[in-house]
Amino acid sequence: MSTARSATTTVEIELDRRAFAYWDITRDDWTVAAGRYEVQLAENAHVPVASVELDLAGDQHALPLTLDSTVSEWFGHPSVGSALTEAMAAGMPKEQSEAALADNADSMRLVASMPMRQFLGFLPAPPTHEVLEQLMIMSRSDETALVA
């Protein structure tokens, strides 16, 4: 009586980020979405013989800012946030800007979901239109930023 033995084979396939990417029409570039992926090894399209699941962090890109973006998106933007804070502080007396920075966390909770366009109306010395335009341009060219 003979016993059938199945052979075990180890397969190693290197998959770069492009293997998990899709074409993002809003960025006009390849993007990897965060999530769980299943990689299958198969005899054909209908007969998988092995699989492994992977959790990928995905690409993290900041969204381009507009005046309709929220205050939270503006201040949370990795490169625009600090530049916006500086621009706003430049239009205030020193004591007022220091007080505003100290109260920033509480104030942010109140206005976080407000569109920037509306928020500007509440500021005693809002950034100029030119400064805001430059910051919006900066947000479109930042490819290393995190999603708010």
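## Overall layout

The protein chain has six helices and four strands. Going along the sequence, the order is β-β-β-β-α-α-α-α-α-α. Keep in mind that this is a predicted model.

The chain runs to 148 residues, and 22% of them are buried.

## The nonpolar core

The largest nonpolar core holds 17 residues. Within this core, the members that touch the most others are Leu 67, Val 71, Trp 74, Leu 84, Met 116, Phe 119 and Leu 120. At least two core residues come from each of α1 (71-76), α2 (80-90), α4 (104-111), α5 (116-119) and α6 (129-141).

Val 71 is a handy place to start looking around. Skip its neighbours within four places in sequence, and Val 71 still contacts Met 108, Val 111, Ala 112, Met 114, Pro 115, Met 116 and Phe 119. Two of these partners, Met 116 and Phe 119, are also on the list of core residues that touch the most other members.

Val 11, Ile 13, Leu 15, Leu 41, Val 47 and Val 49 make up a nonpolar surface patch of about 500 Å². One of them, Leu 15, sits in the segment before β1 (22-24). Leu 15 has 41% relative accessibility, so this residue counts as partly exposed.

## Aromatic pairs

There are three aromatic pairs in the whole structure. Phe 20 and Tyr 37 form an edge-to-face pair, because their planes sit at 75°, with the ring centres 5.2 Å apart. This pair brings together distant parts of the chain, as Phe 20 is in the segment before β1 and Tyr 37 is in strand β3 (residues 35-44), 17 residues away. Phe 20 is buried, at 14% relative accessible area.

Trp 23 and Trp 30 make another edge-to-face pair, with 5.4 Å between centres and 80° between planes. Trp 23 is partly exposed at 40% relative accessibility, and Trp 30 is partly exposed too, at 30%.

## Salt bridges

The structure contains four salt bridges. Asp 59 and Arg 17 form one through their side chains, at 2.3 Å from N to O. That bridge spans 42 residues of sequence, from Arg 17 in the segment before β1 to Asp 59 in the loop between β4 (47-56) and α1. Asp 59 is partly exposed at 24% relative accessibility, and Arg 17 is partly exposed at 42%.

Arg 36 pairs with Glu 53, with 2.7 Å between the closest N and O atoms. Since Arg 36 is in strand β3 and Glu 53 in strand β4, the bridge ties together parts 17 residues apart in sequence. Arg 36 is exposed, with a relative accessible area of 55%, whereas Glu 53 is partly exposed at 47%. These two residues also belong to a salt-bridge network with Asp 55.

Over on the helical side of the sequence, Asp 68 forms a salt bridge with Arg 117 in helix α5. The closest N and O atoms here are 3.1 Å apart. Arg 117 is partly exposed, with a relative accessible area of 47%.

Notes
Residues are numbered from 1 along each chain as its sequence is written. This is a predicted model: local features need pLDDT of at least 70, side-chain atom pairs count only at pLDDT 80 or more; totals for chains, interfaces and linings use all residues. Side-chain values use heavy atoms; hydrogens and water are left out. A nonpolar core is a set of buried Ala, Val, Leu, Ile, Met, Phe, Trp, Tyr and Cys residues joined through side-chain atoms within 4.5 Å. Buried means under 20% relative accessible area, exposed over 50%, partly exposed in between (1.4 Å probe, protein chains only). Contact means heavy atoms within 4.5 Å. Patches are made of residues with over 30% relative accessible area and no salt bridge: like charges are joined within 9 Å, nonpolar side chains (Val, Leu, Ile, Met, Phe, Trp, Tyr) within 5 Å. Accessible areas come from the Shrake-Rupley method with a 1.4 Å probe; for residues, only the protein chains shown count as cover. Rings of Phe, Tyr and Trp (its six-membered ring) pair if their centres lie within 6.5 Å; planes under 30 degrees apart count as stacked, over 60 as edge-to-face and the rest as tilted.
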